Amino acid sequence: MSYFRAENLSLHFGGLKAVDSVSFAVEKGEILSIIGPNGAGKSSIFNLISRIYPPTSGRIFFEDQDITEQPAYDIAGLGIARTFQNIELFENATMLSNLLVGRHRHSATQLWQELLFLPSVRAGEKVHRRRVEQVIEFLDLEAYRDKLISGLPYGVRKVIELARALCSEPKLILLDEPSSGLNVEETDDMSFWIRDMKTELGITVLMVEHDMTLVNRVSDRVIALNYGRVLAMGSPSEVQRHPDVVAAYLGA
Amino acid sequence: MRFLFKTDYEDDIRLFPHSGYVVSYGILLAFLLIAPFVLSSYLVSQLVFVCIYATVGVGLMILTGFTGQASLGHAAFLAIGAYTAGYLQQYNVPFPVYFLAGGLLTGVVGALVGFPALRLSGIYLVIATISFAFIVEEVLARWESVTHGNEGMRVKTLSLFGQAVPQNGPTFYFLCLGVLILTIVGTLNLLRSPTGRAFVAIRDSETAARSMGVNVSLYKVKSFAISAAITGLAGVLFAHKLSFISPEMFTLQLSIEFIIVILIGGTFSLHGAVLGAIFLVMIDPFLTYLKDDIPGIIAGFASTFGADSVTAGKIQSNAAAIASANGLKGAIYGIIIVLFVLFEPLGLYGRWLKIKLFFQLFPLYKRATFKRQKIYVKSERNR
């Protein structure tokens with residue numbers, strides 16, 4: 001049994017088949033990249049997994065549990081965190097409070113306890129804060145703790161979004177175009193972090209990415225999509241040489 | 001300028017970041033404690049209204065400022081609190097009991113309003129809350145066995161532990177002040193715990209909040225309930241302050257006044273609720289002054305600049321007609337809102353922060369520090 005599995009996943013908007021009967025599996029501890037031209041349905045697959053859209057048909061399994069019908073807010077509770085293609089940070093809050101929201105699935109305090117800020121809440125806050133600090137150190141974000149997101153540059157926001165996902169201590173992380181909008185140097189950093197996530201933190205990574213350098217550098221396996229269908233699956237070099245993939249990109 | 005060197009996670013949690021805060025809030029508290037003994041009874045009465053409006057403002061701030069759900073129905077929540085007090089008082093229920101009952105009942109109603117509001121946002125939510133307020137107003141007017149309908153309801157003098165607490169005395173002022181301070185402390189506690197952060201997360205991006213494990217529907221209902229409960233508590237005090245309640249006191253205009261409180265104060269901080277309440281309560285005597293004195297002053301100017309007594313009299317009566325026109329108050333409120341939204345969206349508290357920064361950085365303040373600029377527009381946001 002695979003760690004994470006999608007079976008015949010479909011998402012239809014009327015006649016448009018954004019995702020058409022896609023099946024794939026992710027093994028524990030691997031980095032799997034999904035590539036494909038614009039509109040291939042990559043981000044739609046992510047939105048299906050994190051339950052922003054309900055699938056038209058098909059099932060999703062995580063750790064041998066069917067999560068297709070789980071409410072969206074439960075997905076994080078299961079240990080699946082994600083980032084967004086167009087950054088979805090809490091703009092009018094500081095970086096610290098953004099990251100602390102990432103800790104939400106680990107908070108167990110009741111409303112009345114919070115109103116009185118009982119010692120248990122205070123102790124919990126300190127634990128959250130310590131975890132957040134570890135992530136800040138991991139991603140070199142020390143300079144921005146009390147800065148408002150709305151005043152930070154794009155590249156930093158991208159890293160903060162990754163940090164927020166890491167704060168929830170996920171088992172599986174979905175990265176939607178982690179390098180979009182980053183310069184060469186920042187992309188380099190990103191590729192190191194993604195590999196460190198796998199080796200140091202033991203997180204399984206599912207990634208949508210256009211930058212083939214990054215894909216080649218970090219991925220264990222690659223899936224190529226076009227028009228909502230799987231074209232090829234395998235090692236990065238295999239997939240890039242696959243005639244259907246070449247045709248999809250070059251129109252040959 | 002003071003630089004804070006944080007050495008402990010406690011530094012991020014505590015309510016007063018450094019000793020300067022303790023000193024300034026201590027001075028403010030000392031002033032508020034001696035206020036009823038040194039200020040005129042009129043001003044103390046105004047201060048009581050400031051406390052009540054600020055309490056409502058804090059409640060509305062939780063919902064609108066921090067959770068991002070607009071509401072024009074808070075007059076209805078205030079009414080429910082007030083009528084609970086009036087009704088239970090008839091059966092000799094002691095004050096602490098009906099005070100809490102008012103808050104609790106309003107909180108439950110708030111949660112019930114929250115459920116249908118889950119699917120609404122923006123202007124649609126505003127309309128839904130307005131219609132809720134109209135329904136409550138109508139119920140208050142028609143349910144005569146409980147509310148005495150349009151005749152209104154007399155609220156007896158508050159009695160606390162066998163002692164009468166007249167609504168103009170210092171004890172009542174201290175009661176209102178105490179409720180306000182407890183509300184503020186409770187809200188601050190909430191804001192530095194997971195629930196408060198979940199509220200802010202929902203305000204800024206529902207999709208991201210959901211994917212971080214926040215049960216958006218649950219927290220929206222919670223926010224509605226807490227906001228309504230606080231407003232209900234204020235309603236009990238409001239009923240006692242006015243000693244008479246009737247449905248036409250809880251109209252749309254009152255809801256708009258509450259929106260003004262947080263909008264003018266600044267929708268991002270609890271300071272805003274208090275500053276906005278001070279502004280709103282103090283603008284009333286100013287408007288009365290306008291009504292009484294301005295026509296005479298204008299006529300005086302006119303005659304100084306050569307108008308004969310007949311023309312001056314005409315000008316005076318015209319000015320008086322304008323000043324006492326129906327709906328002038330609403331119009332002025334509207335103009336104030338528009339001006340604030342256009343020129344100072346951060347409200348009075350935002351302005352105060354800017355002034356403070358000017359002096360902290362003096363003489364290095366840059367004029368462009370708070371210049372508003374266009375930032376890139378998001379496309380393809382998941383909503």
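## Helix crossing in chain B

H5(B) and H11(B) cross in the right-handed sense; a crossing is called left-handed if the near helix is turned anticlockwise from the far one by less than a right angle, and right-handed if clockwise. The axes of helix H5 (residues 95-117) of chain B and H11(B) come within 6 Å and cross at roughly 145°. Axes here are lines fitted to C-alpha atoms, for helices over the stretch in contact, and angles run from 0 to 180 degrees between N-to-C directions. By class, the contact between H5(B) and H11(B) holds 16 nonpolar, ten polar and one charged residues. Ala, Val, Leu, Ile, Met, Phe, Trp, Tyr, Cys and Pro count as nonpolar, Asp, Glu, Lys and Arg as charged, and the others, Gly among them, as polar.

This is a predicted model, in which local features need pLDDT of at least 70, side-chain atom pairs count only at pLDDT 80 or more, and totals for chains, interfaces and linings use all residues. Residues are numbered from 1 along each chain as its sequence is written, while chains are lettered from A and ligands numbered from 1 in the order in which they are written.

## Chain B as a whole

Chain B has 16 helices and four strands. Helices (H or I, at least four residues) and strands (E, at least two) are DSSP runs, numbered from the N terminus. The radius of gyration of chain B is 23 Å, close to the 21 Å that the globule rule gives for 383 residues, so chain B is as compact as a globular protein of that length. The radius is taken over C-alpha atoms, and the globule rule is 2.2 Å times the number of residues to the power 0.38. The C-alpha trace of chain B spans about 70 × 65 × 50 Å along its principal axes.

## Contact between chains A and B

In the interface, 31 residues of chain B are in contact with 37 residues of chain A; two residues are in contact if their C-beta atoms, placed from the backbone, lie within 7 Å. On the chain B side, at least two residues each come from helix H1 (10-13), helix H8 (170-191), helix H9 (194-204), helix H10 (206-211) and helix H11 (216-242) of chain B. H9(B) gives the most to this side, with seven residues. The chain B residues that touch chain A divide into twelve nonpolar, eleven polar and eight charged.

## Domains of chain A

Chain A is assigned domain 1 (1-79 + 170-252) and domain 2 (92-169), with bounds from an automatic or database domain assignment. The centres of domain 1 and domain 2 of chain A, taken over C-alpha atoms, are separated by 26 Å. Nine residues from domain 1 of chain A and nine residues from domain 2 of chain A make up the contact. Helix H2 (72-78) and helix H7 (184-199) of chain A are the elements that give two or more residues to the domain 1 side. That side of domain 1 of chain A divides into six nonpolar, two polar and one charged residues.

## Four-stranded sheet of chain A

An open sheet of four strands in chain A has the order E2-E1-E4-E5, with antiparallel pairing. Two strands pair if DSSP finds at least two bridges between them. Strand E2 (16-26) and strand E5 (65-66) of chain A are the edge strands, and each pairs on one side only.

Seven bridges join E1(A) to E2(A) in the antiparallel sense, and Leu11(A) stands opposite Val19(A) in E2(A). The hairpin of E1(A) and E2(A) has two residues between the strands, and Gly14(A) takes a positive phi near 60° there. Strand E1 (residues 4-13) of chain A also pairs antiparallel with strand E4 (residues 57-62) of chain A, over five bridges. Phe4(A) faces Phe62(A) in E4(A), and Arg5(A) stands opposite Phe61(A) in E4(A). Helix H1 (residues 42-49) of chain A lies across E1, E2 and E4 of chain A and runs at about 70° to E2(A).

## Six-stranded sheet of chain A

An open sheet of six strands in chain A has the order E6-E7-E8-E3-E9-E10, with mixed pairing. Strand E6 (80-82) and strand E10 (229-234) of chain A stand at the edges with a single partner strand each, so one side of each is left without a neighbour in the sheet. The twist averages 15° from one strand to the next.

Strand E9 (residues 221-226) of chain A and E10(A) run antiparallel and are joined by five bridges. Ala224(A) stands opposite Ala232(A) in E10(A), and Ile223(A) stands opposite Met233(A) in E10(A). E9(A) and E10(A) form a hairpin with two residues between them, where Tyr227(A) in the turn has a positive phi of about 50°.
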